[in-house]
Amino acid sequence: MLAHINALAVLGVDAYVVHVECDVTSNFSAFSVVGLPDAAVRESVDRVRTALKNSGFIWPQRRITVNLAPADTRKQGPLFDLPIALGVLQGDEQCRIDHFPSFAAIGEMGLDGSVRPISGVLPMALGAKANGIKVLLVPEANAKEAAVVEGLDVYGVRSLADAVDLLSTGEGEPAQAEISLEDLQSPHSEVDWADVKGQETVKRALEVAAAGGHNVLLVGSPGAGKTLLARRMPTILPPLSLDEALEVTKLYSVAGLLGSGQGLMAERPFRAPHHTVSHAGLVGGGSYPRPGEISLSHHGILFLDELPEFHREVLEVLRQPMEDGAVTIARAAQSLSFPSRFQLVAAMNPCPCGFYGDHRRPCVCSPNQIRKYLTRISGPLLDRIDLHVAVPRLLPDELMSKQVGESSVTVRERVCHARDIQLQRFENKGINCNAHMRAKQLREYCNLDSAAADLLKNAIDQFAMSARAHDRILKVARTIADLENSAAIQLQHVAEAVNYRTLDRKLFA
């Protein structure tokens, strides 16, 4: 008898339906899987056979042929165990699976018949809904993740026996999503902006960066507070929207980084890879491409501490994703794109010893050592960072002060107000913040009066700035004006934006 079971698989961050066709005939005993299966799929015969026996079912002593269609796409992973087991049972007429007219099943099976969690369940649930599937069977540990998708009945099953009972009787309660918009709106971090002593100029620059989604580079001596500031920046970012939370959760689901039983991700990602990270670790890749750190930072922050210590060829791959908001991984058989609309926050010392320009401790590096250290960062990459900020060492009085600064909640309110202005400005334009403005939006929303234009012209001439630097100064100036609730970009807004672009010209010259 021929049985048909729907399953799903992920290609990149999107899912597609896999039709599991199981033919059980009365010929000699044999089992084969066709349809470009990888080793994990081919090994399913041993897992499924043992799981059926240990679940009280009979393994058919017949010829069993399983086809995974479409046959021109490679199938990978153990997620087809459950649909193959259901297909064998239905093809051998050991059970009737006709209660749900349109369903799909995914899950890895243990030898005792248990159904184990898998990665990529959220994109599969979205793919099931897009293809008209009404019911989805998933491992119980993945049920909350899949139940986020509205209009899809998701059932979590613990074992093969549970799945057969559900499909034959229809008795069971769909999993309920635990989506709370309050969870998305409320910060959950244990750190706070008020933890940072002094550094008012730097905190102002980071507030501007958060308000406009701008990239920022922090330069200062060791112990000045660069990492402390960077790790608290997520606490002042606007909350994720529901659509953004779904996109982030999809990426983490595909990468297998969602915790067991976790549903929607409620906080913006903060990724801080070590400087020894490889090209594939940062961008993504592998024989079956997976998202890298820049994609896992989507709608969040990618923090690169000790920026010059990263391999130069690794840093250079950031340039295209910073402009396009996506990274494409090309392989001989296929090409996949992963979203990567991240905000770069980088930190570095001004020299190898870290004390070049420090007024309290002398630098011991030679000019040649400093030059070689700074040239590890290319000019084109530096040009794509909107704000270059010096982080000075704290004075003893500041370090010992008991005074508490503004909290993350207070700063976040100002940032959210500025982002709301930008969302209204760019409505239906596919843009969320000023940092993503294109040439057309710059002409429309970043007009300068004569005094501001003269200041910018003189700055470009004096510091030999590029056209890209000109555009980024305008974007930052637009953000500063939004923070002050000003419809027009004024002279002081341009002056502050220009000031954030002069450090690299002084230091890297």
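1. Gly77 and its surroundings. In this predicted model, Gly77 is found in the loop that runs between β4 (63-69) and α3 (81-91), and, once its neighbours within four places in sequence are left aside, Gly77 is in contact with Asp38, Ala40 and Val41. The C-alpha atoms of Gly77 and Ala39 are 8.1 Å apart in space, although the two residues are 38 residues apart in sequence. Is Gly77 buried or exposed? Its relative accessibility is 18%, and since buried means under 20%, Gly77 counts as buried.

2. Apart from neighbours within four places in sequence, the residues in contact with Ser486 are Arg478, Ala481 and His493.

3. The parallel sheet. Five strands form an open sheet, and their order across it is β11-β14-β17-β10-β18, with parallel pairing. Which strands stand at the edges of this sheet? They are β11 (270-271) and β18 (387-391), and because each has a single partner strand, one side of each is left without a neighbour in the sheet. As background for the next point, strands of a sheet pair through backbone hydrogen bonds, either parallel or antiparallel.

4. The covering of β18. Although β18 is an edge strand with a single partner, it is mostly covered, for four of its five residues are buried. Helix α8 (residues 200-212) lies across β18 as well as across β10 (216-220) and β17 (343-348), and this helix runs at about 155 degrees to β18.

5. Helix α20 (residues 450-463) has 14 residues and reaches 20 Å from its first C-alpha to its last, which is close to the 20 Å expected at 1.5 Å a residue. Its buried residues include Ala452, Leu456, Ala459 and Phe463. Why can these four be placed on the same side of α20? They cover an arc of only 60 degrees around the axis, and that puts them on the same side of the helix. The face of α20 turned away from this buried side carries the exposed residues Ser450, Lys457, Asn458, Asp461 and Gln462. Just after the helix, Ala464 takes a positive phi of about 50 degrees.

6. The nonpolar cores. How many residues does the largest nonpolar core have? This core has 74 residues, and those with the most contacts inside it are Leu86 and Leu160; strand β2 (residues 14-25) gives the most to it, with seven residues. Leu86 touches Ile5, Ile97, Ala105, Leu160, Ala163, Val164 and Leu167, when residues up to four places away in sequence are not counted. There is also a second, separate core of 51 residues, and among its members are Leu218, Leu229, Ala230 and Phe303.

Definitions and conventions:
Residues numbered from 1 in each chain as written. Predicted model: local features only at pLDDT ≥ 70, side-chain atom pairs only at ≥ 80, totals over all residues. Heavy atoms only, no water. Pairing = 2+ DSSP bridges. Helix = DSSP H or I, 4+ residues; strand = E, 2+ residues; numbered from the N terminus. Contact = heavy atoms within 4.5 Å. Axes fitted to C-alpha atoms, helices over the stretch in contact; angles between N-to-C directions. Buried < 20%, exposed > 50% of the residue type's maximum accessible area, 1.4 Å probe, protein only. Expected span 1.5 Å × (residues − 1). Arc of directions from axis to C-beta. Core = buried A, V, L, I, M, F, W, Y, C linked by side-chain atoms within 4.5 Å.
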